[in-house]
Amino acid sequence: MEERLFQTARDIEGLYPHVHIWGFPIATYLFLGGLAAGILLFATIYYLKGKAEDMPFTVKIAPIFTFIIISIGLFLLVYDLHHKLYVWRLFTRFRIESPMSWGAWTLVGVSIFSLLWPLSYIDDIEQYLYRRGWKNLDWITNFIRNLEHRFAPFRWTILLFRKYRTFFAYILLFLSIILGIYTGILLSAFNAHPLWNNPILGPLFLTSGVSTGSAFVMWLSNNKKERKLMSTIDMALIATELFFIVHMIMGMQAGPEAFKEAAHLFLGGQFTVVFWVLFVGFGLVLPFILEGLEMRGFHIPPALPALLVLAGGYLFRYIIVLAGQMSEYPFN
Amino acid sequence: MRYAMAIEVNKCVGCGDCVVACQTENNVPLGYSRDWIIEVVKGEYPNLFMHFESQRCNHCEDTPCVRTCPTGASHVIEGGIVKVAHDECIGCGACIEACPYDARYFHPDGYVDKCTFCDHRVKDGLDPACVSVCPTHCMHFGDLDDPDSEISKLLKEREHYTLLPEAGTKPQIYYLK
């Protein structure tokens, strides 16, 4: 038997009985970052494949949302800081060892490009709004037109972006992959938390992020071909995710004691039901079956599997953030 | 120069003087502490054994806190002392997550705070506050790179252990058995 007790008081918030300093804002940010990365990944890939006209929603419309998504994520990130006024310190240097540092710089790039990308498609967006009958949204396009008209530098930037769009698409593709993978690597860099400290978390978060991106497009697109393609891609991504999850848990089970204890959180521990039933069951397997049925001709509203995937992706980030902080090296 | 601390666990009576001395010396806010004492009980009744461990930042050689810090606020100064530059810290909490010893915490003012090995005293040739007040003289502070220092000799002669060596941080607080 070994028992360890505090002899002097140390009742500091967020440290005991286990570290708990990251919660809702960080989990939500990780989800939003992955989602934005997924949407931009599809937009740039299909643009570079020359499919902009076949897949208008994916390439031209969906990226509008990424700027909003990233803005909410950034707000949550800053909100979670304890020394908020010093946030600019993130941009006084680049630290290659710290995933959070490359995340901060990547976010700057992604947010600029995710604003310029839809701005460069303003004509198509105007037409799209008109075709879908969303005329009450035309104040946005009118506002941008006005801005373009009045500020020459703004107009020049958009023209430049339009002219070299292929070049910028390659940069944005690269940045969105970094954004998708860094959220996982961010957590796996913490060796004090065995659950996070596994190399599969980066690819797993990227796959999950891209999967939520495809679900987002599938949900909001009104183009049948686009939806079908996204549904097929999503099925492949869900299958990959399932393999990664099994691989992650097997890896931890085969590891030293601290890693076995981390795996136990999902195998009999307190996250077992929420992980296997809610996330794997309702967030991965059920949408996979629904998408499969739809491909076989059954009529299933596309919003249903899409929303399940999105909710599953969010739940997954939340579970990993909370459970990861509970998994620590045991002192005895 | 490699500063380290050696603590004789069987000499420690768990009085908490080191904790109070640190709080006073470093103006640690009420309710917080940079060091703390753990009572360790081992064995089966009636053969129980007990000792105390005075714990604090381990000023590790391989510092996960410094590695994960996005701004460079967490840094290592001469002698391997790990410090936080308050005006560079954004309070993101990455270093708190990275530390397996729970040595760091959010100061009520927002930045991250922790043990500094009393570097302001050490540079004047004094011992850290916790070491200097210990009534049983169970703590020893010194330079490991100097083979003639008290701590180097103690570590050569006596059996010792560190906390969580499996976390791979190469901690520099040694507990003498």
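Helices and strands here are DSSP runs, of at least four residues for helices and at least two for strands, numbered from the N terminus. By that count, Pro46(B) sits in the loop of chain B between strand S2 (36-44) and strand S3 (47-55). The model is predicted.

**Contact between the chains**

- On the chain A side 39 residues take part, in contact with 45 residues of chain B.
- Within chain B, the elements giving two or more residues to the side that touches chain A are S2, helix H2 (64-68), helix H3 (94-98) and strand S6 (105-106).
- The most comes from S2(B), which gives nine residues to that side.
- Sorted by class, the side of chain B that touches chain A holds 24 nonpolar, twelve polar and nine charged residues.
- S2(B) also pairs with S1(A), in the antiparallel sense and over five bridges.
- Within this pairing, Arg4(A) has Val40(B) of S2(B) as its bridge partner.

**Nonpolar core**

- The largest nonpolar core is made up of 139 residues.
- Helix H1 (residues 24-48) of chain A supplies the largest share of this core, 16 residues.
- The residues with the most contacts inside the core are Ala36(A), Ile39(A) and Ala43(A) from chain A, together with Met5(B), Ile7(B), Cys95(B) and Cys99(B) from chain B.
- Cys99(B), one of these, is in contact with Ala192(A), Pro64(B), Cys65(B) and Arg104(B), when its neighbours within four places in sequence are left aside.

**Cis peptide bonds**

- In chain A, the peptide bond from Tyr16(A) to Pro17(A) is cis, and its omega is near 0 degrees.
- Pro17(A) belongs to the loop that lies between strand S1 (2-6) and H1 of chain A.
- In chain B, the bond from Tyr45(B) to Pro46(B) is cis as well, with omega near 5 degrees.

- Asn27(B) is not a glycine, yet its phi is positive, near 55 degrees.
- Asn27(B) is placed in the loop between helix H1 (17-25) and S2 of chain B.
- Asn27(B) counts as exposed because it has 6 C-beta neighbours inside 10 Å, and the cut-off for exposed is 12 or fewer.
- His137(B), also not a glycine, has a positive phi of about 55 degrees.
- The loop between helix H5 (129-133) and strand S8 (139-143) of chain B holds His137(B).
- His137(B) has 9 C-beta neighbours inside 10 Å, so it too counts as exposed.

Definitions and conventions:
Residues numbered from 1 in each chain as written. Chains lettered and ligands numbered in written order. Predicted model: local features only at pLDDT ≥ 70, side-chain atom pairs only at ≥ 80, totals over all residues. Core = buried A, V, L, I, M, F, W, Y, C linked by C-beta atoms within 7 Å. Buried ≥ 20, exposed ≤ 12 C-beta atoms within 10 Å, placed from the backbone. Contact = placed C-beta atoms within 7 Å. Nonpolar A, V, L, I, M, F, W, Y, C, P; charged D, E, K, R; others polar. Pairing = 2+ DSSP bridges.
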